Amino acid sequence: MLKKYPVFLLLTLSGIFAKAQDVRKLSENIFSKTLLNGLEVLVVEDHSVPLVTLDITFKAGAINQTRVDQGLFGLYGAMMLRGNKDYVTAGDFGYRAGALGILGGNRVTSEENTTYYFTLPKENFADGLKYMNSAVRFPPA
């Protein structure tokens, strides 16, 4: 069974980040880098299976919710599951997930965080990043 790591962004292809400057090596196979915009990138390298799990976690959970941002978690859900500028409808979004070989996606909400993740074959890693990028940055119209 593949373990899921709730972190800001989980990438199992760490070679790209391992050579960059300002990367903290947390153990033999775990690397971390905080970008200028505050996004923390965590890479866990594991070559025992040919899969990649991409994960994004928002520091937004019940403990952080106020009257002003009620419904924010629903917006995150819409962004991740209902289409975006590249995949206009939920059907387009789902079709692309199937084409990438995504082995299911999931959402976990706790008191402090809301996490979205999916697993796909490692050869689709770059396209999986583009898929998640569209979902996170460009909400449905």
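User: How many bridges join β3 to strand β4?

Analyst: Five bridges join them, and the two strands run antiparallel. Do keep in mind that this is a predicted model. Strand β4 covers residues 40-44.

User: Which residue in β4 is the bridge partner of lysine 33?

Analyst: That would be valine 41.

User: And what's in the turn of the β3 and β4 hairpin?

Analyst: Five residues separate the two strands there. Glycine 38 is in that turn, and has a positive phi of about 95°.

User: Back to lysine 33: buried or exposed?

Analyst: Lysine 33, which lies in strand β3, has a relative accessibility of 19% and therefore counts as buried. The cut-off for buried is under 20%.

User: How far apart are lysine 33 and valine 43 in space?

Analyst: Their C-alpha atoms are 8.7 Å apart, with a sequence separation of 10 residues.

User: What about the other neighbour, how does strand β2 join to β3?

Analyst: Strand β2 (residues 24-27) and strand β3 (residues 30-34) run antiparallel, joined by three bridges. These two also form a hairpin, with two residues between them. Within the pair, arginine 24 stands opposite serine 32 in β3.

User: Nice. Changing topic: what's the strand order in the open sheet of three strands?

Analyst: The order is β5-β7-β6, and the pairing is antiparallel. The edge strands are β5 (51-58) and β6 (105-109), each of which pairs on one side only. From one strand to the next, the twist averages 15°.

User: How many bridges do β5 and strand β7 pair over?

Analyst: Eight, in the antiparallel sense, with β7 spanning residues 114-121.

User: How many residues of β5 are buried?

Analyst: Seven of the eight residues in β5 are buried, leaving the strand mostly covered.

User: I've clicked on valine 108. Where does it lie?

Analyst: Valine 108 lies in strand β6.

User: What is valine 108 in contact with, leaving aside its neighbours within four places in sequence?

Analyst: With that limit, valine 108 is in contact with Asn113, Thr114, Thr115 and Tyr117. As for threonine 57, which sits 51 residues from valine 108 along the chain, the C-alpha atoms of the two are separated by 9.1 Å.

User: On to helices. At what angle do the axes of α3 and α4 cross?

Analyst: They cross at roughly 160° and come within 10 Å, with α3 taking in residues 90-100 and α4 residues 125-137. The two helices are therefore roughly antiparallel to each other. For that description the angle has to be over 145 degrees.

User: Left-handed or right-handed crossing?

Analyst: The crossing of α3 and α4 is left-handed.

User: Which residues make the contact?

Analyst: From α3 they are Phe93, Arg96, Ala97 and Leu100, and from α4 they are Asp127, Gly128, Tyr131 and Ala135. Sorted by class, that contact has five nonpolar residues, two charged and one polar.

User: Which strands does α4 lie across?

Analyst: α4 lies across β5 and β7, and runs at about 20° to β5.

User: Let's zoom out. How many helices and strands are there in the protein?

Analyst: There are four helices and seven strands. Starting from the N terminus, the elements run β-α-β-β-β-β-α-α-β-β-α.

User: And what percentage of the residues count as buried?

Analyst: Of the protein's 141 residues, 36% count as buried. On the contact side, take the contacts between residues at least 6 apart in sequence: 65% of them join residues at least 24 apart.

Technical notes: Residues numbered from 1 in each chain as written. Predicted model: local features only at pLDDT ≥ 70, side-chain atom pairs only at ≥ 80, totals over all residues. Heavy atoms only, no water. Axes fitted to C-alpha atoms, helices over the stretch in contact; angles between N-to-C directions. Parallel < 35°, antiparallel > 145°, perpendicular 65-115°, else oblique. Left-handed = near helix turned anticlockwise from the far one by under 90°. Contact = heavy atoms within 4.5 Å. Nonpolar A, V, L, I, M, F, W, Y, C, P; charged D, E, K, R; others polar. Pairing = 2+ DSSP bridges. Buried < 20%, exposed > 50% of the residue type's maximum accessible area, 1.4 Å probe, protein only.
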